[in-house]
Amino acid sequence: MKKSSPTTLNDMSATKVSDVRKIAVLRSNAIGDFLVTLPALEAVRHAYPQAEIVLLGQHWQADFLRRRPGPIDRVEVVPYMQGVYSKAGVPEDPDAIENFFQRMRQENFDIGLQLYGGGRYSNPFIKALNARITVGMRAPGSPPLDRWIPYFTYQSEVHRLLDVVSLIGAPVVSINSIIRVTRNDYDEAARAIPATANRLVVIHPGASDHRRRWPVKKFARTADRIAKLGATIVITGIESERNLTAELSSAIKYPVVDLTGKLTVNGLTGLLADSSLVISNDTGPLHLSRAVGTPTVGIYWVGNMINAAPVSMKQNIVHISWRLDCPVCGKNCIYYDCPHDESFVSEINEEDVEISACELFQKFSKIPERLSLSR
């Protein structure tokens, strides 16, 4: 199969690829990381309306995107492999990896689109698809693709990925990440919430990186203050965060609905869409809330604020920690990590967060859809 000529770094206005029938997109990661790709994927869909767009992703993406309106036509689950899709305690299976690539090469992709970081592992992955043209990002030391932009750590992910797809002539359609909520999403959420629960405010105290976690006691004080305004407080988290969410539930003086480990991503989507407000650390549910149009109060470390800030502040308020040095060892962690998990956002003032939460709740408070429909 003939390959197109490489695009130089200075050629940022590449034209569309001709005769495109099928596009592979690599973005096999967590909720928040996937959501920031949506503006780029919408641009690709607009530029190539007849092409089949195939996401090479994780199991949760296959479940979540099945029969969901959006730019993705189908999902092919990537086998566990270093740097692309890993799971603690699950080793690589060389046969599964080889079978996957054999099957993907038979797809005869016209474009292999790498939207998955600097390319150390993801660029060899994309090249192994044998697509007619490969496109993506490249950090120093990573192998080049046919068309690529340089990868720098601190840059808006939404705009970075829009730059990537511009290399195949895909113009910006929107900078907002939008998830269409389905009836199944709402139904799963409704089954988990007490029938009388009204004016929901979701608090998500977890984050995969412990350094992005705001203290539980501060979340509790914020919850108490907003509960006084008539909010029903709902706590969310995954099963491994049960100790954290239980601590929060015990610290809140008002009744709460604890949904830790009780919702799939689909049910979480329905819950967030049916809520008046979400208060969360910078993690997947925060970004999902914005994608379904729910107001948010977000707790951010400055580095993550650069990469994953909301593109609109009309109904989203952020509170930023400017700490660069580890509270334990004093190492500057803007580019390099240390071994400690101490919170980098603990100094964000709870009074400021409480004011933001009350302001948004009073402005956007709503009756959940399930209660509206029953009236």
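**Notebook: fold totals and cavities**

I looked up contacts first: among those in the protein between residues at least 6 apart in sequence, 63% join residues at least 24 apart (contact means heavy atoms within 4.5 Å). The model is predicted, so I noted its terms: local features need pLDDT of at least 70, side-chain atom pairs count only at pLDDT 80 or more, and totals for chains, interfaces and linings use all residues. Residues are numbered from 1 along each chain as its sequence is written, and side-chain values use heavy atoms, with hydrogens and water left out.

**Overall form**

I find 14 helices and 12 strands in the protein, taken as DSSP runs (helices H or I, at least four residues; strands E, at least two) and numbered from the N terminus. The C-alpha atoms fill a box of roughly 65 × 55 × 40 Å along the principal axes.

**Burial**

I read that buried residues make up 56% of the 375 residues (buried means under 20% relative accessible area, with a 1.4 Å probe and protein chains only).

**Cavities**

I searched the whole structure and got two cavities of 30 Å³ or more. A cavity here is a set of points, on a 1 Å grid over the protein atoms alone, where a 1.4 Å probe fits but cannot get out; lining residues have an atom within 4 Å of a point. The largest cavity holds about 100 Å³ of space, the volume being that filled by probe spheres set on the points, which are joined across faces, edges and corners. I list its lining as Phe34, Leu38, Glu42, Leu65, Arg68, Pro69, Gly70, Pro71, Ile72, Ile178, Ile179 and Arg180.

Notes. 1 Å grid on protein atoms, 1.4 Å probe; cavity = no way out; pocket = protein on both sides within 12 Å on 5 of 7 lines; lining within 4 Å. Buried < 20%, exposed > 50% of the residue type's maximum accessible area, 1.4 Å probe, protein only.
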